[in-house]
Amino acid sequence: MELDVLKDDSQTEAGSYFVANYPPFSVWSAEHVPVVRAMLAEPAPADPPAMGLYMHIPFCRKRCKFCYFRVYTDRNARDIDAYMEGLAAEVGLYADQPRFAGRQFDFVYFGGGTPSYLSADQLRRLVERINRHWTWDAAREVTFECEPGTLQEHKLHAIKEIGVTRLSLGVEHFDDEILEINGRAHHSPEIFRAYEWARGAGFQQINIDLIAGMVGETDAKWQDAVGRALAMSPDSLTVYQMELPHNTRIVRESRDAGAAPPVADWSTKRRWVDYAFAEFERAGYVVSSAYTVVKPGPHSGFVYRDALWHGADMVGTGVASFSQVGGVHFQNLDQWDDYLGAIAKRELPLSRALPASAHQRLVRELILQLKLGAISAEYFRGKFGVEVREEFAGAIDALAAEGMAQVTDEGVRLTRAGLLRVDGLLPRFFEPAHRNIRYT
Ligand SMILES: C[S@@+](CC[C@H](N)C(=O)[O-])C[C@H]1O[C@@H](n2cnc3c(N)ncnc32)[C@H](O)[C@@H]1O
């Protein structure tokens, strides 16, 4: 992250905003990959953390103009089958590691790309291949990301049959002109159709993603989008503030035109998220993180997020995926041929890694949990033996003085103003060597 894009009322310029992990990806390196293999060859501790499986399905009908993920829009059925076979074989490589002996997945995440791009048959075949190595019968949550226009009623039943409990729809907006300008593959009628089918299929939890700050956004259009999302009564709503990493088409096109990217500034985007949160709160929803509101009830949790942000192990499979196991971060090779080539040789397809120190693990959990809106001093005392209010006194006092946080009896609570810009506040908690460097 270039810190200059995080200044309070700055324009939305090229650069990342979302802090997904710590230490920054830019300090992970190939030289640490042997540490991963050594760690996997050792048994897990007697009381291992929760564990999850992430599968990257990198196919899409179209690349969105704001997309910065590793996705392919040009793969045929044979390519997709080869990828699925590789992915299942990769799961098999992990299943054989002593580190995972006897362990079960607590959560599973099909991410993308677009998992729902797969046909019902491709999906069944993938799961059948993976389940030869490992199942997710014990998982408390299985999430599946969908692009609304790829869904059909029978496909949703197939998705339900493979154990998915949490369906996440990439709606982003309801205005067809905005959807088109931003390169989305779907239009609004497909959203409503898919949602009805999904409700009919009986998923425990349906989440809707929106983005505040798409190209062409206005106050009136945003209010309309929030109203339509609320009328659908989803179990949860996720709102991301549009960020423009360097590899997005919006950045490339605006650079070519010698113009600033046509996206609202950060204070406007925060105002839009604030509006969405307030509207949903009026309807009884509760803010559960800087990005999410949930309808209180038995299915309002998000195991993937909460486990990961409390130090769970996660095996990330697929091209360019990220993992963390036993305090070591690692990423897969990010080119198709390299990734599948390694697996064909029965090697883990790793590209770079970083063993995190105890202090870095503490910082990581602290900043990720701040995204939930509050941290518990008791939790950090118990897990790390650290008084966070002393260890991070400088950063916490500054946030309190700026009206971004309050120190409470339990720990630290962000104000709404702080929560809405939380990713911009987190680098203050980084170790000094990580503060003014590139994030990705
Ligand atoms: C990995 S994407 C997958 C979306 C899925 N392929 C679809 O078409 O719905 C998951 C979510 O990330 C969010 N996202 C993607 N790019 C973004 C960006 N540049 N800024 C903010 N949020 C973004 C969107 O809300 C999207 O639904």
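1. Before we start, a word on the ground rules: residues are numbered from 1 along each chain as its sequence is written, and side-chain values use heavy atoms, with hydrogens and water left out. Because the model is predicted, local features need pLDDT of at least 70 and side-chain atom pairs count only at pLDDT 80 or more, while totals for chains, interfaces and linings use all residues.

2. Let's begin with helices, which are DSSP runs of H or I with at least four residues, numbered from the N terminus. Two packed helices are described by the angle between their axes and the distance between the axes. Here an axis is a line fitted to C-alpha atoms over the stretch in contact, and angles run from 0 to 180 degrees between N-to-C directions.

3. Look at helix α3 (residues 120-131) and helix α4 (residues 153-161): their axes come within 9 Å and cross at roughly 10°. The two are therefore roughly parallel, a label for angles under 35 degrees. On the α3 side, the contact (heavy atoms within 4.5 Å) uses Ala120, Leu123 and Arg124, and α4 brings His154, Lys155, Ala158, Ile159 and Glu161. By class, these are four nonpolar, one polar and three charged residues; Ala, Val, Leu, Ile, Met, Phe, Trp, Tyr, Cys and Pro count as nonpolar, Asp, Glu, Lys and Arg as charged, and the others, Gly among them, as polar.

4. Now turn to helix α12 (residues 358-370) and helix α13 (residues 377-384), which pack at about 160° with axes 12 Å apart. That angle makes α12 roughly antiparallel to α13, the term for angles over 145 degrees. From α12, Ala358, Arg361, Leu362, Glu365, Leu366 and Gln369 meet Tyr379, Phe380, Lys383 and Phe384 of α13. This contact has six nonpolar, one polar and three charged residues.

5. How many disulfides are there? The count is zero, where a disulfide is a pair of cysteine sulfur atoms within 2.5 Å. For Cys60, the closest cysteine sulfur belongs to Cys67 and lies 6.2 Å away, too far for a bond. Cys64 also has no disulfide, with the sulfur of Cys67 nearest at 6.1 Å.

6. Finally, Gly394 sits in helix α15 (residues 393-401). With 57% relative accessibility, Gly394 counts as exposed, meaning over 50%. Gly394 and Met404 are 10 residues apart in sequence, and their C-alpha atoms are 14 Å apart in space.

Technical notes: Buried < 20%, exposed > 50% of the residue type's maximum accessible area, 1.4 Å probe, protein only. Parallel < 35°, antiparallel > 145°, perpendicular 65-115°, else oblique.
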